[in-house]
Amino acid sequence: MRQPTPRGSEAGVEPRRAALRILDRVLRGGQTMESAAQGGPRLAPADQALALAIAGETLRRVPLLDRLIDGATRQALPEDSKARMVLRLALAQRVALHVPDHALVATALPLVEGGPRRLVHGVLGTLLRGSLPDADLGALPVEVAERWTKAWGEAAVAAAARAIVRRPPLDLSFKDDAAAKAFAEAEGGVVVAERHVRLADSRAVTGLPGFEAGDWWVQDLSSTLPARMIPADATRVLDACAAPGGKTLQIAAAGHEVTALDRSESRLARLRANLHRIKLGATIVTEDVLAFAPAEPFDAVLLDAPCSATGTFRRHPEVLFRASPRIIAESAELQGRLLEASAAWVRPGGSLVYAVCSLEPEEGEDRIAAFLAARTGFALAEQRRVLPGEREEEGGMDGFFTARLVRQG
């Protein structure tokens, strides 16, 4: 028998249909959330935001939701079946967004029109009558949890599972340390590092004091670490792979003469806009790092290399499903070539700072070890690994690795 759909539910179906499409494109197509959200029927801004929220909260809990689903079905549903996808979406809404049960059922069943509606209805009924996970409980994909347990230990994996369901704080970098302290006092923020303020609650950035005046820019605390490794006496500094430009702004604000290099003109346009708003200067070069040929070497080179981005899982949970061993290996290989190219631009006695927003040792510690084994002209001066759980009481940090190498001679 066809299950009745309550009147008025139709308006809530389209955001769920969009969320289902996003989830399918991420899990089966390997897309980012941003790209997966493109190309469907145009939704009102509120509905689009709801679709992204539903898909995002689902991705933060997939293993937990699957255990629930598998415990309520006699025969395991295929991993990529529409019924499983719809059940994941519905349960995530109940756990994370506290959507009422009747609304879950009314908006889930139309998503399996012509399919196993009775199955979905029955499984949802069974699970909604039972005990569901706490909203503060997240989970990593099984293969990621196993990989990170081997690399970093069980405590880091447990911290990552806690972090993935918590909204990251808003971090701001300031040109001036005194201004940072004054802003923190006035706005209830916390100074978490020199010239850096953390706000626990998300706010409209453009409405915060100092935005129009160019006093600060948005930048996660962990991503400020590489620029902080640049020696204060380095005059000429190259920021390779510079866009969208947070580190360029940092380097310029610290008083260095910075050249910002990136191959993406569209991303550099954002950097130019930020330089204008913050009232800082930089030489901008549109060029591929592997083809770049500077007229003279630099006192310091910062290479924030393209990577798997698994360290950004708090903001982008989809990266944990996209970053397969193949992607990680390909990223590490590219990073090796970029390191080799960047090393040639460092003057004797100068510094090469390497960074990735990855939690994979192949892209961090292993990459630097391989570089130093092949190149005798550089020595490791310092390195820093940020793992899940660090500064957790303050809202945590994105996973990061950065190292500073010094050219000998």
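In the predicted model, four strands build an open sheet in the order E2-E3-E1-E4. Pairing throughout this sheet is antiparallel. From one strand to the next, the twist averages 35°.

Within this sheet, E1 and strand E3 (residues 196–199) pair in the antiparallel sense over 4 bridges. Leu-170 stands opposite Leu-199 in E3. Helix H10 (residues 177–187) packs on the sheet and touches E1, E2, E3 and E4. The direction of H10 makes about 15° with that of E3.

Strand E1 spans residues 170–174 and contains Ser-173. The relative accessible area of Ser-173 is 2%. This value lies under the 20% limit, so Ser-173 counts as buried. A polar contact of 3.0 Å links the side chain of Ser-173 to the side chain of His-196. Beyond its neighbours within four places in sequence, Ser-173 is in contact with Arg-195, His-196, Asp-215, Trp-216, Trp-217, Gln-219 and Thr-224.

A second sheet, also open, is formed by 7 strands. The strand order is E7-E6-E5-E8-E9-E11-E10, and the pairing is mixed. The edge strands are strand E7 (283–286) and strand E10 (378–386), each pairing on one side only. On average, neighbouring strands of this sheet are turned by 15° against each other, direction ignored.

Strand E5 (residues 236–240) has 4 of its 5 residues buried, so E5 is largely enclosed by the rest of the structure. E5 and strand E6 (residues 257–262) run parallel and are joined by 5 bridges. Arg-236 has Glu-257 as its bridge partner in E6. From E5, the chain crosses through helix H12 (residues 246–253) to E6. This β-α-β crossover is right-handed. E5 is also joined to strand E8 (residues 298–304), by 4 bridges, and these two strands run parallel. In E8, Ala-300 is the bridge partner of Val-237.

The largest nonpolar core has 48 residues. Leu-140, Trp-148, Phe-313, Trp-345 and Leu-352 touch the most other members. Strand E9 (residues 346–356) supplies the largest share of this core, 5 residues. Not counting residues up to four places away in sequence, Leu-352 touches Val-301, Leu-339, Ser-342, Ala-343, Val-346, Phe-371, Phe-378, Ala-403, Arg-404 and Leu-405. Another core, of 38 residues, lies apart from the largest one. Its members include Ala-19, Met-85, Val-86 and Leu-89. In soluble globular proteins, nonpolar side chains tend to be buried together.

Burial was also examined in the helical segments. In helix H9 (residues 154–163), the buried residues are Ala-156, Val-157, Ala-159, Ala-160, Ala-161 and Ala-163. Helix H8 (142–152) is part of what covers these buried residues of H9.

Arg-61 lies in the loop between helix H3 (45–59) and helix H4 (62–71). Arg-61 is buried, with a relative accessible area of 3%. The side chain of Arg-61 makes a polar contact of 2.6 Å with the side chain of Glu-57. Leaving aside neighbours within four places in sequence, Arg-61 is in contact with Val-95, Ala-96, Ala-135, Leu-137 and Val-165. Arg-61 and His-98 are separated by 37 residues in sequence and by 15 Å in space, C-alpha to C-alpha.

How values were computed:
Residues are numbered from 1 along each chain as its sequence is written. This is a predicted model: local features need pLDDT of at least 70, side-chain atom pairs count only at pLDDT 80 or more; totals for chains, interfaces and linings use all residues. Side-chain values use heavy atoms; hydrogens and water are left out. Buried means under 20% relative accessible area, exposed over 50%, partly exposed in between (1.4 Å probe, protein chains only). A polar contact is a pair of N or O atoms within 3.5 Å; within protein, one must be able to donate a hydrogen and the other to accept it, and residues adjacent in sequence count only if both atoms are side-chain atoms. Contact means heavy atoms within 4.5 Å. Two strands pair if DSSP finds at least two bridges between them. A crossover is right-handed if, with the strands pointing away from the viewer, the path from the first strand over the helix to the second runs clockwise. A nonpolar core is a set of buried Ala, Val, Leu, Ile, Met, Phe, Trp, Tyr and Cys residues joined through side-chain atoms within 4.5 Å. Axes are lines fitted to C-alpha atoms, for helices over the stretch in contact, and angles run from 0 to 180 degrees between N-to-C directions.
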